[in-house]
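Subject: Structure for your review

Dear colleague,

Please find the structure below, together with its sequence. My notes on what was found in it follow.

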Amino acid sequence: MNTSTRIIGATLALAMVPTLGVSDPDEDSLTINGEIAIVTETAAPAHLENVDTIYSGWRFRSDETQAVQMDDFDNPGMIGVENALVDWASADGTEGKSCADCHGEAEELAGVRAVYPKWNEEQGRVTTLEMEVNNCRETRMGAEKWKYTGGDMTDMIALISSVSRGMPVNVAINGPAQSTWEQGKDLYYTRTGQLELSCANCHEDSYGLMIRADHLSQGQINGFPTYRLKNTKLNSVHARFKGCVRDTRAHTYKPGSPEFIALELYVASRGNGLSVEGPSVRN
């Protein structure tokens, strides 16, 4: 039996036997820099039907990986934040403006990360932070859009996230955003690919179990962008979605697609009540 066959067989077995039981996350608590208290466990939001308690992915990591996130000096994701601070203060485009010209210090955006994705009344659709950044670049700065999952964009989202750390995720799912949220929910529970797996099979039915050499988390995205030790860079939400769908052996959606925007809204809402944590560190 070759390696690919073993991996597929193990994954199928995991999906088919959720009755194996769920291992509890550890009891460690997260405080960043000794001063930013992070809520990593709380009651599930009322709209979740199958989960009573939600946990940050940090709670499923090893002590060594957890420690890297507890101090910004050790957290390699903070290099992205520093890079974004340079972009924040740098004029770009035909208008000769920088982010700072309109928004002031980056800290002025504290709380923004906690409520995205959200309904944009002017555009008549749900927008993500990446979409808002590119809207600013095009319409206010006269600059070219950044690639949705590119390094410059992911660094900027890490900066915006960093100034909201410790604030509770509070993504709105009612009103005009509800239809997009419902679409995201359908995607979350739909089995896809040759392995016929849904997001829920791993992150709702089987969190805490081992897959390959790692523990499955609940798949919360309050810690994104996430510095992954596996690929030694900051990873965006849609890049991670793309990787997960690919792992089911399915045709994936493009970052920034309506499907992934809807999925992000739904998954973000599953973490309502946890703290904004990005840039986090994961395996």
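**Helix H10 and its surroundings**

The buried residues of H10 pack against strand S4 (53–55), strand S6 (125–127), H5, H7, H8 and H9. Here a contact means heavy atoms within 4.5 Å, and buried means under 20% relative accessible area, with exposed over 50% and partly exposed in between (1.4 Å probe, protein chains only). Helices (H or I, at least four residues) and strands (E, at least two) are DSSP runs, numbered from the N terminus.

H10 is largely enclosed by the rest of the structure, because eleven of its 13 residues are buried. These are Phe260, Ile261, Ala262, Leu263, Glu264, Leu265, Tyr266, Val267, Ala268, Ser269 and Arg270. From its first C-alpha to its last, H10 reaches 19 Å, close to the 18 Å expected at 1.5 Å a residue; the expected span is 1.5 Å times one less than the number of residues in the helix.

**Basis of the model**

This is a predicted model, in which local features need pLDDT of at least 70 and side-chain atom pairs count only at pLDDT 80 or more, while totals for chains, interfaces and linings use all residues. Residues are numbered from 1 along each chain as its sequence is written, and side-chain values use heavy atoms, with hydrogens and water left out.

**The protein as a whole**

The protein contains ten helices and eleven strands. Its radius of gyration is 19 Å, which agrees with the value near 19 Å for a compact globule of 283 residues; the radius is taken over C-alpha atoms, and the globule rule is 2.2 Å times the number of residues to the power 0.38. Along the principal axes, the C-alpha atoms fill a box of roughly 60 × 40 × 40 Å.

Of the 283 residues, 48% are buried. The protein exposes about 13700 Å², and carbon and sulfur atoms supply 50% of that area. Accessible areas come from the Shrake-Rupley method with a 1.4 Å probe, and for residues only the protein chains shown count as cover. Among contacts between residues at least 6 apart in sequence, 69% join residues at least 24 apart.

As to charge, the mean positions of the 25 positive and 39 negative charges are 8 Å apart. Lys and Arg count as positive and Asp and Glu as negative, whereas His and the chain ends are not counted. The place of a charge is taken as NZ of Lys, CZ of Arg, CG of Asp or CD of Glu.

**Helix H6**

Helix H6 (residues 151–162) is mostly covered, with ten of its twelve residues buried. The buried residues include Met153, Met156, Ile157, Leu159 and Ile160, and also Asp155. Their cover includes helix H3 (77–89), helix H4 (99–103), helix H5 (129–140) and strand S10 (233–235). The end C-alpha atoms of H6 are 16 Å apart, which agrees with the 16 Å that twelve residues should span at 1.5 Å a residue.

**Backbone features in the loops**

Most residues other than glycine have a negative phi, and most peptide bonds are trans. The following sites depart from that pattern.

- The peptide bond from Phe224 to Pro225 is cis, with omega near -5 degrees; Pro225 lies in the loop between strand S8 (214–215) and strand S9 (226–228).
- The peptide bond from Gly278 to Pro279 is also cis, with omega near 5 degrees; Pro279 is in the loop between helix H10 (258–270) and strand S11 (280–282).
- Glu196, in the loop between H7 and H8, has a positive phi near 50 degrees. Glu196 counts as exposed, at 51% relative accessibility.
- Arg249, in the loop between helix H9 (237–247) and H10, has a positive phi of about 65 degrees. Arg249 is partly exposed, with a relative accessible area of 33%.

**Two buried loop residues**

Ser198 lies in the loop between helix H7 (178–189) and helix H8 (199–203) and counts as buried at 7% relative accessibility. Leaving aside residues up to four places away in sequence, Ser198 touches Tyr188, Tyr189, Thr190 and Arg191.

Val276 is in the loop between H10 and S11 and is buried, with a relative accessible area of 0%. Beyond residues up to four places away in sequence, Val276 touches several others, among them Ile38, Arg113, Ser161, Met167 and Asn222. The C-alpha atoms of Val276 and Asp247, 29 residues apart along the chain, are separated by 27 Å.

Yours sincerely
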